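Thanks for asking for a second pair of eyes on this one. Here are my notes, point by point, to read alongside the model.

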Amino acid sequence: MSRNAPDPFGEHVSVMKALYQEYQKKDEFDSMTYIDALLQEIQQMCSQREAAVKASIQELSKRVSEAEVLATYPEPDGFHDRRVSAIQKDMQDVQQGIDQLQNTIRGLEDQKHMFM
């Protein structure tokens, strides 16, 4: 073959390269379309998960609020101690009254025995 003679396969090789590049572009396009579909699916799943998490947080917040109400002692701080102290003082006062009554009874019994 001479150098000036046209290459009989050159045109075919050129067409094959062009076809290869076109098919490669088509494969890339298909890949990008597939990846885009996957991204949309992932975004949808994330949105659904986010909505579920928000609902869970709202439910848990409600339950925490209810638990706080139930866990809060209905009386102010120190109420129980003050009440116990008041009852103990009342008990002492009653005991002193009983002691005084017993002393009065003994005194009356002593007086009764003196007069008899």
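1. Of the 116 residues in the chain, 0% count as buried, where buried means under 20% relative accessible area, exposed over 50% and partly exposed in between, with a 1.4 Å probe and protein chains only. Please keep in mind that this is a predicted model, in which local features need pLDDT of at least 70, side-chain atom pairs count only at pLDDT 80 or more, and totals for chains, interfaces and linings use all residues. Residues are numbered from 1 along each chain as its sequence is written, and side-chain values use heavy atoms, with hydrogens and water left out.

2. The overall dimensions deserve a look. The chain has a radius of gyration of 50 Å, whereas a compact globule of 116 residues would have one near 13 Å; the radius is taken over C-alpha atoms, and the globule rule is 2.2 Å times the number of residues to the power 0.38. Along the principal axes, the C-alpha atoms fill a box of roughly 165 × 25 × 20 Å.

3. On secondary structure, the chain has two helices and zero strands. These are DSSP runs numbered from the N terminus (helices: H or I, at least four residues; strands: E, at least two). Helix α1 covers residues 10–71, and helix α2 covers residues 79–115.

4. The accessible surface comes to about 11,400 Å², and carbon and sulfur atoms account for 59% of that (Shrake-Rupley method, 1.4 Å probe; for residues, only the protein chains shown count as cover).

5. Met32, Tyr34, Ile35, Leu38, Leu39 and Ile42 make a nonpolar surface patch of about 590 Å². Patches are made of residues with over 30% relative accessible area and no salt bridge; nonpolar side chains (Val, Leu, Ile, Met, Phe, Trp, Tyr) are joined within 5 Å, and like charges within 9 Å. Leu39 sits in helix α1 and counts as partly exposed because its relative accessibility is 48%.

6. How many salt bridges does the structure hold? There are two, a salt bridge being a side-chain nitrogen of Lys or Arg within 4 Å of a carboxyl oxygen of Asp or Glu. One joins Lys54 to Glu50, with the closest N and O atoms 3.6 Å apart; both residues lie in helix α1, four residues apart, about one turn of the helix. Lys54 is partly exposed at 49%, as is Glu50 at 45%.

7. In helix α2, Lys89 and Asp93 are likewise four residues apart, about one turn, and their side chains meet in a salt bridge at 3.1 Å, N to O. Lys89 is partly exposed at 48% relative accessibility, and Asp93 is partly exposed at 38%.
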